[in-house]
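The following note sets out points for a colleague who wishes to read this structure closely. Please keep the sequence and the model at hand while going through the numbered paragraphs.

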Number of protein chains: 4
Amino acid sequence: MPLNLGIIGAGRIGRVHANTLTTRIASAKVLAIADIFADSAKSAAADYGIPDHTSDPAEVINSGAIDAIVICSSTDTHCRFIIEAARAGKQIFCEKPIAFDLAEIDEALAAVAESGVQLQIGFNRRFDANHARIKSAIDQGEIGTPHTMMVISRDPAPPPIEYIKVSGGLMMDMMIHDFDLCRFLLGEVEELYAIGDVKVDPAIGEADDIDTAKVMLRFKNGAIGTIENSRQAVFGYDQRVEVFGSGGAVSSGNWHPNSVTISDAGSVRRDLPLYFFVERYMDSYVAEMMAFVDAIESGGTVPVVGNDGRVPVLMAMAGMRSIAENRPVRLDEI
Amino acid sequence: MPLNLGIIGAGRIGRVHANTLTTRIASAKVLAIADIFADSAKSAAADYGIPDHTSDPAEVINSGAIDAIVICSSTDTHCRFIIEAARAGKQIFCEKPIAFDLAEIDEALAAVAESGVQLQIGFNRRFDANHARIKSAIDQGEIGTPHTMMVISRDPAPPPIEYIKVSGGLMMDMMIHDFDLCRFLLGEVEELYAIGDVKVDPAIGEADDIDTAKVMLRFKNGAIGTIENSRQAVFGYDQRVEVFGSGGAVSSGNWHPNSVTISDAGSVRRDLPLYFFVERYMDSYVAEMMAFVDAIESGGTVPVVGNDGRVPVLMAMAGMRSIAENRPVRLDEI
Amino acid sequence: MPLNLGIIGAGRIGRVHANTLTTRIASAKVLAIADIFADSAKSAAADYGIPDHTSDPAEVINSGAIDAIVICSSTDTHCRFIIEAARAGKQIFCEKPIAFDLAEIDEALAAVAESGVQLQIGFNRRFDANHARIKSAIDQGEIGTPHTMMVISRDPAPPPIEYIKVSGGLMMDMMIHDFDLCRFLLGEVEELYAIGDVKVDPAIGEADDIDTAKVMLRFKNGAIGTIENSRQAVFGYDQRVEVFGSGGAVSSGNWHPNSVTISDAGSVRRDLPLYFFVERYMDSYVAEMMAFVDAIESGGTVPVVGNDGRVPVLMAMAGMRSIAENRPVRLDEI
Amino acid sequence: MPLNLGIIGAGRIGRVHANTLTTRIASAKVLAIADIFADSAKSAAADYGIPDHTSDPAEVINSGAIDAIVICSSTDTHCRFIIEAARAGKQIFCEKPIAFDLAEIDEALAAVAESGVQLQIGFNRRFDANHARIKSAIDQGEIGTPHTMMVISRDPAPPPIEYIKVSGGLMMDMMIHDFDLCRFLLGEVEELYAIGDVKVDPAIGEADDIDTAKVMLRFKNGAIGTIENSRQAVFGYDQRVEVFGSGGAVSSGNWHPNSVTISDAGSVRRDLPLYFFVERYMDSYVAEMMAFVDAIESGGTVPVVGNDGRVPVLMAMAGMRSIAENRPVRLDEI
């Protein structure tokens, strides 16, 4: 018996999930897609062979034929749809970040808990082959006890300023993935210290955001970490992690479109890394959705739960306060 | 208007193409699948949502609703189905090798020519990101005039002896891909010299085949090449190419399941390469089928034509004669 | 006309410099070597063909035949010998760190300034091919304006506890090289924040030192850096640097004893990196000594001057205070 | 007690050995250097602090104070000096190739055998860290039974035509190193097939030589090998070896002047490999000379004996005949 799903939001990520659910997961059926822009919903429905489309998310949420809701709308609407979907008894997949406000998140998580449905947060990178291999190296003791870790995460180019203004800022929009990765790999963080700056584009500063940041983290297990973010690496999407421990180190490199090397009179070179998250992390979007469908169908537990969505938001808040006050900030201060 | 296809052969490669055509190419519709084993056809139809299945290939070939035939049956049936499909006016995709016999191939190609349909041969590796990048490096002059080339192609493990006995032998079954790659990258070959031996499994020798071979090739353009094949690399599928020229060299490396390095007290190591052709070349199977569907739909020319299927068979014959007589053999001797 | 040198200190690094000066630099002549342990001086003299040896450094410093003094004795004696050598009008090469005390350093630098001799500090890593290439990439604009940098520096094993007790601690003994590298690559630092811990060996903690540290640095030019140190990487000496900027990034990898890869049924692996600083940085010890001899002979300026020895000591102090007070510390607070 | 040596030939390689013997091997003393060009002998003596120099090699060979002769003169004089040195009871190191003529070589080896001295041939690459590691991987069973091997050896630029004319040709001058490597790694060769061509410079063809060649070799142990040579790789000296066996493969990569990677908007690149043999193989020149001095001083056997000099010459002859007759040639035909 297939899992019947409805998607809310037909923007870029909504289309990514629509494609995955309609072509890569035989046991999933997408019955409807909603977007407040009726045309977006309509064209996504046509492109992915989805029977129904609507500009009213409530229609999807309340459809009796639908078992699970995939929330891909703008961040400010996440909590509302989570609450509605939970009250309608639907299983829920929600994109990150849940929200920019802890009280709002807590209300949504409470609704989920009360209704007994499951909520999976879209931290897709946990499902990436590299990050998963690093996790397994740690878990299987291949590097002993972790002592330090570092995440390098640089985008190929900043998003439009209009997007930046509503994004919640670099910490909430971009580094939130890295905060999640830190927790995924080494557990909870106790305190962090952040430096942020505007180096890529002054317009980002005028929008009251930063485009470059380094953060130092003290984990509860005693490990020490660093995260580096930049909104622009001219050579492309730079996504690397290293964890160092008593028994060794595990490090990931970037992925390139081919494994070809060209040697000429000037240098030995290879083509730039895969351009951006759609190219680099496509497999992980598929894998997270498979995990969601599997968990719901099998009655298992989804792999990235509500609290996994909440804590990185809190870490982003701590990061912003650390920059503002130029001092280490404990997470329990927030 | 979609392209309506029928598949003949529901074995491993037939299922690969069925999956591609039903999930990855929106404009393709697979209407039927045939296999002389009715159960295979039935289960493939179920798995990929193909409306019709049959144990009689003629039903598919002669269906008025079907525009194109994808031939994935055993090699000895290829020419017969090509001829029947050509006479039925169908566009044809046929797996490699076309046949083990030149006269039979010539008859099939003549039927194709006569009927005016197109025939694409399943040399999928031309569509691989690495090989395509090497080709573009040559074509764009990144390495100047090619002087030498080498192909390393090693399987992770030999196929079952039963398969080997009907495979046509290492040259016809395995090295044929590398012969195609040589032609794809550097054009026609004039002469070759081959050494073959049984090193992996004596049972392969008892089946009158070899499991290890090196071939030296003299190209018509003056370049000198070597191919190395082994039926067993214990570290996995080893697929590398290097072309060296007046302006530099282009070399491909293997693909690994992740780009993670683990350093411990013993070594700095990474996981083995992707295991075998299904893992390594999956994208190229998709790409070749997209190219076929595109060419047919757009009225263009398919990218790997009948003669591209014929010449590698001839090269395999020259290779076998070279081993038998321990001397260089010119292709025009065959 | 050769440059006549005397060496003070016949321990490990004294012998490294003795070997370089006697075998690799034709225009250098080592006339004498002193060590308070007469046997050490004697055996070094024998091993490197040095005519005179003594247990009294003053003899070397005051020898009329000697133009330049190479100070390789224990840190607590550096300033005294610098002052004596300066007063004797000798050119001076002194190992790092100059001293653990700023007042002492300032007195020594004043003596040097007064006498008009030159003083080169033994920050050999500036002469390493990797670090020099990173520097040239920055200087030639290959990566645009630097935004961030990171140094990873891990030893293969901690030194004996007896050494640790007199070493000045991880910051003064080990990270001082990385502080120098930061300044070499990106200029002066304004503020730093450090986390230090004992993870490798509790005995190091009992000796009131740390064995693992991460430091975040704010450069005066606005760049943000991180340094990571560990006293023990079980896979060997780990020495890597990355600088990221508006036009790209430059990153160094480790050096291995060979460039051989072994692929077997378990993994694709290579031998561990070069074991420790003697293996890894030998060429840089030669290069720094050549630079010293060249500068003195040609009347040029030595490449790493007294202030380059002073500032990293100050940075180490700031690092220690940052750990003690868990807050960012400005260098001008010290 | 030091080993007293005399050097014959003060050209490039004579100077390399003079430098090694005078600066890197404490127990070696070079007493004299001879060159038919008196000025060359004189300036080498000055540069390396060698007490005596002469234009008459016989003076060096017959000096009572000298224990061992290092022959670095032109190839046509090697055998004569070997015979004279052997008759004078001197230990002998001789550069490759011994000679271009087997009868001449046999006469020289007979003289060596008769006199009971030792003769080491200058196949320095056996002492290279990469090649030695490949050898140890084979010997320690890390790759099981070797099945195939390949050597890639490309120079950065051809030597002057004047040199080519007296060099004995690509096979005798350049590939001879690779023939030696084949024997070093996998033992004796039974038969080979060669293709040679002029691709780099027509002047090389006019000098009756080739500049590009591929050779296929059948080893006595059943392994199959290939060697590729080019007189010009525009990206620099390309020196790689791969041996593949039942248990895995061992492959060497090139050495670069640094391990730095630069990523910019165009590519991810690194600097070209070390330029040529002086840069790439310097350590192996030192190591072979240390091995020679050690063997003589300790009364041990030198590691590369006369027959190791003879067989590669024979292989070069077989290679030339194979090209001339376009057929595989057995070594016992020569």
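Predicted model: local features only at pLDDT ≥ 70, side-chain atom pairs only at ≥ 80, totals over all residues.

1. A crossover is called right-handed if, with the strands pointing away from the viewer, the path from the first strand over the helix to the second runs clockwise. Helices (H or I, at least four residues) and strands (E, at least two) are DSSP runs, numbered from the N terminus. In these terms, E1(A), helix H1 (residues 12-23) of chain A and E2(A) form a right-handed β-α-β unit.

2. Residues are numbered from 1 along each chain as its sequence is written, and chains are lettered from A and ligands numbered from 1 in the order in which they are written.

3. How many strands form the open sheet of chain A, and in what order? The sheet has six strands, in the order E3-E2-E1-E4-E5-E6, and the pairing is parallel. Its edge strands, each pairing on one side only, are strand E3 (52-54) and strand E6 (119-121) of chain A. On average, neighbouring strands of this sheet are turned by 20° against each other, direction ignored. Axes are lines fitted to C-alpha atoms, for helices over the stretch in contact, and angles run from 0 to 180 degrees between N-to-C directions. Strand E5 (residues 91-94) of chain A pairs with E6(A) over three bridges in the parallel sense, and Cys94(A) has Ile121(A) of E6(A) as its bridge partner.

4. Two helices that lie across strands of chain A deserve attention. Helix H2 (residues 38-48) of chain A lies across E2 and E3 of chain A and runs at about 160° to E2(A). Helix H4 (residues 75-87) of chain A lies across E1, E4, E5 and E6 of chain A, and its direction is at about 165° to E5(A).

5. The domain assignment divides chain A into domain 1 (3-117) and domain 2 (126-283 + 312-333); such bounds come from an automatic or database domain assignment. The centres of domain 1 and domain 2 of chain A, taken over C-alpha atoms, are 28 Å apart. Seven residues from domain 1 of chain A and six residues from domain 2 of chain A take part in the contact, where two residues are in contact if their C-beta atoms, placed from the backbone, lie within 7 Å. On the side of domain 1 of chain A that touches domain 2 of chain A, five residues are nonpolar, one is polar and one is charged. In this classification Ala, Val, Leu, Ile, Met, Phe, Trp, Tyr, Cys and Pro count as nonpolar, Asp, Glu, Lys and Arg as charged, and the others, Gly among them, as polar.

6. Between chains D and A, eleven residues of chain D are in contact with eleven residues of chain A. Strand E13 (260-264) and strand E14 (268-270) of chain D are the elements that give two or more residues to the side of chain D that touches chain A, and E14(D) gives the most, with three residues. That side of chain D holds five nonpolar, two polar and four charged residues. Strand E14 (residues 268-270) of chain A pairs with E14(D) in the antiparallel sense over three bridges, with Arg269(D) of E14(D) as the bridge partner of Arg269(A).

7. The same surface serves both copies, as 100% of the contact residues of chain D recur in chain A.

Terms used:
Pairing = 2+ DSSP bridges.
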